[in-house]
Amino acid sequence: MRAARLIKMVLLLQARPSMTGPELAQELEVSERTVARDVLSLSEAGVPVYADRGRSGGYRLIGGYRTRLTGLGRSEAEALFLSGVPSALREMGLADAASAAHLKVSAALLPELRDAATGAAQRFHLDAPAWYQEPRTPALLPAVAGAVWDDRRITARYLRKDIEVERQLEPYGLVLKAGVWYLAARAQGDFRVYRVDRFTAVEVPDGGEGGGEDGAEGPTGGGRFIRDEAFDLPAFWAERAAQFARSLLREEVVVRLSAHGVRRLPHVTERAAAEEAIDAARSGDGPDAQGRLTVRLAVESAEVAYAQLLGLGPEGEVLHPPALRERFAAAARRTAALYA
């Protein structure tokens with residue numbers, strides 16, 4: 001603990017020209033007296049820490065005591081500090097590790113690049129959760145994240161359609177989508193996706209016995225598995241997300257749209273399906289004499305289509321199926337009666 005604190009103190013002093021005792025105490029979460037003792041220990045160990053006296057005094061390193069990253073330009077340094085998502089790192093239990101890594105990089109940068117972290121943070125921010133939702137961190141996420149980082153098999157129990165099942169998983173990667181965490185894992189030779197918030201229990205080997213598919217010790221030992229080097233997490237997720245979106249669109253409706261309705265359709269329904277329907281209609285018969293475009297739109301269900309297409313108002317007319325058209329006609333009559 002103390003050794004880690006001493007290293008952090010050196011890194012802080014490398015990253016800044018000078019720091020006062022109260023500033024160091026706040027950063028290290030210790031008393032000023034502890035800071036003074038740590039400075040003395042560093043001096044005795046040969047680290048050139050110098051104490052400036054007076055009202056504007058403080059602690060600083062002398063003699064060029066630092067390690068620098070050579071060949072790193074400003075744009076590269078700024079991009080490096082954009083690579084972490086603070087909220088996601090906190091949820092995975094990696095905030096301290098990320099903070100230490102940033103501190104080490106900051107300390108090693110050339111003085112003229114020290115503002116790279118602040119500059120990037122003030123210009124770009126990722127807010128992962130969706131609007132109007134209170135994000136909840138799955139209780140088992142840190143354990144899953146640890147297994148992902150360490151390439152360890154896990155025994156997971158999770159809810160599938162209200163039934164709890166158990167699986168042996170090789171956790172390959174985590175994805176944060178609209179505030180929801182998903183695990184990409186290999187089970188029985190196939191790659192699958194699991195929602196982390198549906199896990200009810202996760203057991204991770206402690207590094208003792210191995211965990212092969214048949215219970216024997218794996219080739220790497222300690223319950224670890226050998227990753228498939230051909231696995232590409234972003235590509236895998238993009239493919240599965242597209243498959244999932246397509247799998248939901250099981251029915252089709254026919255809608256006649258005004259020019260404004262054409263512009264609005266991607267905003268009230270599934271965007272990819274709306275754009276595909278519009279492109280197909282334009283390359284087919286195209287708009288009619290009144291400039292209206294008739295599209296065949298893939299939807300999840302008639303119920304979902306009703307809720308979504310109501311957002312078009314008079315800019316869209318449902319032509320098929322007949323039951324859905326009648327439902328819109330009834331809604332139009334009720335709306336007209338309200339305003340009569």
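This note sets out selected local features of the structure in numbered points.

1. Basis of the note. The model is predicted: local features need pLDDT of at least 70, side-chain atom pairs count only at pLDDT 80 or more, and totals for chains, interfaces and linings use all residues. Residues are numbered from 1 along each chain as its sequence is written, and side-chain values use heavy atoms, with hydrogens and water left out.

2. Packing of H1 and H2. Helices (H or I, at least four residues) and strands (E, at least two) are DSSP runs, numbered from the N terminus. Two packed helices are described by the angle between their axes and the distance between the axes. For H1 and helix H2 (residues 21–28), the angle is about 130° and the axes are 11 Å apart. Axes are lines fitted to C-alpha atoms, for helices over the stretch in contact, and angles run from 0 to 180 degrees between N-to-C directions. H1 and H2 are therefore oblique to each other (under 35 degrees counts as roughly parallel, over 145 as roughly antiparallel, 65 to 115 as roughly perpendicular, and the rest as oblique).

3. Arg 5 belongs to helix H1 (residues 2–15). With a relative accessible area of 17%, Arg 5 is buried (buried means under 20% relative accessible area, exposed over 50%, partly exposed in between, with a 1.4 Å probe and protein chains only). On the H1 side, Arg 5, Lys 8, Met 9, Leu 12 and Leu 13 meet Leu 24, Glu 27 and Leu 28 of H2 (contact means heavy atoms within 4.5 Å). Leaving aside residues up to four places away in sequence, Arg 5 touches Leu 28, Val 30, Thr 34 and Asp 38.

4. Aromatic pairs. The structure holds 11 aromatic pairs (rings of Phe, Tyr and Trp, the last by its six-membered ring, pair if their centres lie within 6.5 Å; planes under 30 degrees apart count as stacked, over 60 as edge-to-face and the rest as tilted). One of them, Tyr 172 with Phe 231, is edge-to-face, at 4.9 Å centre to centre and 65° between the planes. This pair links distant parts of the chain, 59 residues apart: Tyr 172 is in strand S4 (residues 163–177), and Phe 231 is in the loop between strand S7 (199–203) and helix H9 (233–248). Phe 191 and Phe 231 form a stacked pair, at 4.7 Å centre to centre and 25° between the planes. Phe 191 lies in strand S6 (residues 190–195), 40 residues from Phe 231.

5. Backbone points to check. Most residues other than glycine have a negative phi, and most peptide bonds are trans. Glu 29, in the loop between H2 and helix H3 (32–44), has a positive phi of about 60° and counts as exposed at 73% relative accessibility. Asp 151 has a positive phi of about 55°; Asp 151 lies in the loop between helix H8 (141–150) and strand S3 (154–160) and is partly exposed, with a relative accessible area of 21%. The peptide bond from His 320 to Pro 321 is cis, with omega near 5°, and Pro 321 lies in the loop between strand S10 (316–320) and helix H13 (322–339).
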